Amino acid sequence: MKKYHIGKSKIHKKGIILDKSVKKDEVIFVFVGHEVTVTSRDWFHGLCWLQVGYAKWIVPCPGSAGEYLNHSCSPTAGVHGNNRIVAMRPMKKGEEVTIDYALSETYPLWHMRCHCKAKNCRKIVKPYQDLSHQRMKKYINYTSKYILDMKMHISWEDYIEAEKSVSRGRNFK
Ligand SMILES: [Zn+2]
């Protein structure tokens with residue numbers, strides 16, 4: 001059964017509002033859509049896309065929850081696996097489901113201005129590798145699987161270099 005409705009957001013237009021309370025780590029919804037591979041400068045078009053792999057994003061189905069998943073610098077939810085959106089703490093009916101977009105975004109050039117009103121708002125939100133270590137640690141259980149896998153195999157410097165070569169049309173080495 002659906003645990004939310006799309007309603008007025010305090011952050012940005014519409015958002016995902018809970019219809020019932022949920023426990024910490026409970027799955028609120030699965031981010032569904034079609035997968036696209038983007039290695040060009042088209043990156044900017046996908047503000048509500050969820051990154052699920054190296055140069056891979058999920059474009060949410062029209063009207064699905066993913067389109068309304070707002071960012072907050074003090075998020076209520078995070079990511080389990082690559083696309084399960086789960087509560088980061090116990091949440092009550094009426095609260096908005098938000099994630100920190102950096103939890104599933106590593107495209108080096110990606111950034112957006114933030115007006116989330118959280119006390120710890122970063123004003124400019126950048127990809128995962130630009131998070132402070134303190135935040136990385138806080139988010140460790142709510143970070144996209146592909147980011148955690150990548151962290152184990154490659155340094156961020158190498159990753160950014162690799163991404164640049166793909167942007168230039170060469171193969172990832
Ligand atoms: Zn913010």
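User: Before we start, what kind of model is it, and how are residues numbered?
Analyst: This is a predicted model, where local features need pLDDT of at least 70, side-chain atom pairs count only at pLDDT 80 or more, and totals for chains, interfaces and linings use all residues. Residues are numbered from 1 along each chain as its sequence is written.

User: Thanks! How many helices and strands does the protein chain have?
Analyst: There are three helices and twelve strands in the protein chain. Both are DSSP runs numbered from the N terminus: helices are H or I with at least four residues, strands are E with at least two.

User: What order do the strands take in the three-stranded sheet?
Analyst: The order is β4-β6-β5, in an open sheet with antiparallel pairing. Two strands pair if DSSP finds at least two bridges between them.

User: And why is one side of β4 and of β5 left without a neighbour in that sheet?
Analyst: Because β4 (33-37) and β5 (50-53) are at the edges, each having a single partner strand. From one strand to the next, the twist averages 35°; axes are lines fitted to C-alpha atoms, for helices over the stretch in contact, and angles run from 0 to 180 degrees between N-to-C directions.

User: Nice. How many bridges join β5 and β6?
Analyst: Three bridges, in the antiparallel sense, with β6 covering residues 56-60. G53 stands opposite K56 in β6. The two strands form a hairpin with two residues between them, and A55 in the turn has a positive phi of about 60°.

User: Which strands make up the four-stranded sheet?
Analyst: That open sheet runs β1-β2-β10-β7, with mixed pairing. Its edge strands are β1 (4-8) and β7 (70-71), each pairing on one side only.

User: Is the β7 and β10 pairing parallel or antiparallel?
Analyst: Parallel, over two bridges, with β10 spanning residues 96-99. H71 has I99 in β10 as its bridge partner.

User: Switching topic: where is Q129 found?
Analyst: Q129 is in the loop between β12 (124-125) and α1 (133-138). Q129 and K151 are 22 residues apart in sequence and 9.5 Å apart in space, C-alpha to C-alpha.

User: Why does Q129 count as partly exposed?
Analyst: Because 18 other C-beta atoms lie within 10 Å of Q129. The cut-offs are 20 or more for buried, 12 or fewer for exposed and partly exposed in between, with C-beta atoms placed from the backbone.

User: Last one: what percentage of the protein chain is buried?
Analyst: Of its 173 residues, 31% count as buried.
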